Amino acid sequence: MRISVIGCGRWGTFLAWYLSRIGHEITLYGRQGSQKFLQLAETRTNGLVTLKPEVSLTSDLGNAVKTAEILVISIGVQSFRGLMCELAKHDLSGKRVVLCMKGLESGSGKRLTEIFEEYSPETPVAIWVGPGHVQDFTKGIPNCMVIDSKSEELKTELVNAFSSNLIRFYYGHDLLGNEIGAASKNVIGIAAGMLDGLNKAALKGALMSRGTREIARLIKAMGGNEISAYGLAHLGDYEATVFSPYSHNRKFGELMVRGEPYDELAEGVATTSALLLLGKRYNVELPITNAVNAVVNEKKDPEQVLSALFLRSLKMEF
């Protein structure tokens with residue numbers, strides 16, 4: 001298939017590498033002037049993956065759209081609406097789109113498929129979420145991921161086209177739940193990093209148990225299936241988010257409580273604000289999300305906040 005990957009960050013470049021590896025014809029788009037794109041154009045590598053000569057590179061968005069049957073999008077979540085403003089200028093008829101980001105729009109709480117449908121309601125869209133780090137995949141370590149969509153036909157097409165011995169795909173059956181679950185696991189990742197930074201990693205068991213339940217309640221209140229919180233998009237992604245040294249969100253939380261800077265994108269920061277909007281809107285208590293917000297955005301003492309969250313409350317478990 002002819003596939004254009006929009007976004008040349010760590011994950012987008014991996015997707016181009018992976019999809020080329022399993023036999024598709026790939027074009028990778030990056031913004032003109034982007035340092036990451038310039039490095040790929042000059043060296044064909046970002047230090048994690050090396051692109052085959054057959055992978056085309058372009059900074060012409062129109063060309064990337066025109067030549068593709070499928071658009072695979074992997075950019076910063078808070079930049080997605082801006083990208084959609086640009087994509088809407090091009091003819092998307094006959095295209096299929098796959099969103100490979102995990103997050104929510106911070107100012108509105110909107111899911112990415114909701115934003116996409118504002119601009120291109122007739123174009124079939126899917127999400128590709130679940131656990132996996134580039135560093136593991138490139139070592140040949142396999143994992144399981146999820147593709148979900150309102151379109152059963154699109155799900156079937158993508159699972160068949162994208163599956164390999166490196167990634168096994170499951171069919172999702174709750175688009176809302178899988179989007180909320182995938183986005184919110186980044187907030188749990190920040191909380192996990194805070195526990196690491198405070199030498200309280202033993203509390204990660206409590207974090208995983210209570211975090212999953214918290215997000216399940218929100219998914220149910222929003223009209224999704226609460227069981228989705230226990231699937232690959234959320235709980236199934238905890239190993240890669242709560243424990244992995246490669247997790248940006250976990251590392252951000254760890255360094256933050258230690259007072260050290262972290263320069264990489266941690267999507268969970270913006271997602272925290274979005275989840276609190278949704279919690280208010282649907283009248284759902286989100287104690288872990290509130291705790292992360294108190295530390296990250298309100299600059300409260302992390303030791304006090306996390307101790308109050310995990311160690312001082314006397315209540316029934318269920």
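Author: Helices H8 (residues 175-197) and H13 (residues 287-296) pack at about 60° with axes 10 Å apart. Helices here are DSSP runs (H or I, at least four residues), strands are E runs of at least two, both numbered from the N terminus; axes are lines fitted to C-alpha atoms, for helices over the stretch in contact, with angles from 0 to 180 degrees between N-to-C directions. This is a predicted model, where local features need pLDDT of at least 70 and side-chain atom pairs pLDDT 80 or more, while totals for chains, interfaces and linings use all residues. Residues are numbered from 1 along each chain as its sequence is written, and side-chain values use heavy atoms, without hydrogens and water.

Reader: Which residues of H8 and H13 make the contact?

Author: Val187, Ile188, Ile190, Ala191 and Met194 come from H8, and Ile288, Thr289, Val292, Val295 and Val296 from H13. Contact means heavy atoms within 4.5 Å.

Reader: How many are nonpolar, polar or charged?

Author: The contact has 9 nonpolar, 1 polar and no charged residues. Ala, Val, Leu, Ile, Met, Phe, Trp, Tyr, Cys and Pro count as nonpolar, Asp, Glu, Lys and Arg as charged, and the others, Gly among them, as polar.

Reader: Pockets next. How much space lies in the largest pocket?

Author: About 1,300 Å³. A pocket is an open set of points on a 1 Å grid over the protein atoms alone, with protein on both sides within 12 Å along at least five of seven lines; lining residues have an atom within 4 Å of a point. Points are joined across faces, edges and corners, and the volume is the space filled by probe spheres set on them.

Reader: What lines the pocket?

Author: The lining has 46 residues, and Gly9, Arg10, Trp11, Ser74 and Leu265 are the closest to the centre. By class there are 17 nonpolar, 20 polar and 9 charged. H1 gives the most, with 4 residues.

Note on methods:
On a 1 Å grid over the protein atoms alone, a cavity is a set of points where a 1.4 Å probe fits but cannot get out, and a pocket is an open set with protein on both sides within 12 Å along at least five of seven lines; lining residues have an atom within 4 Å of a point.
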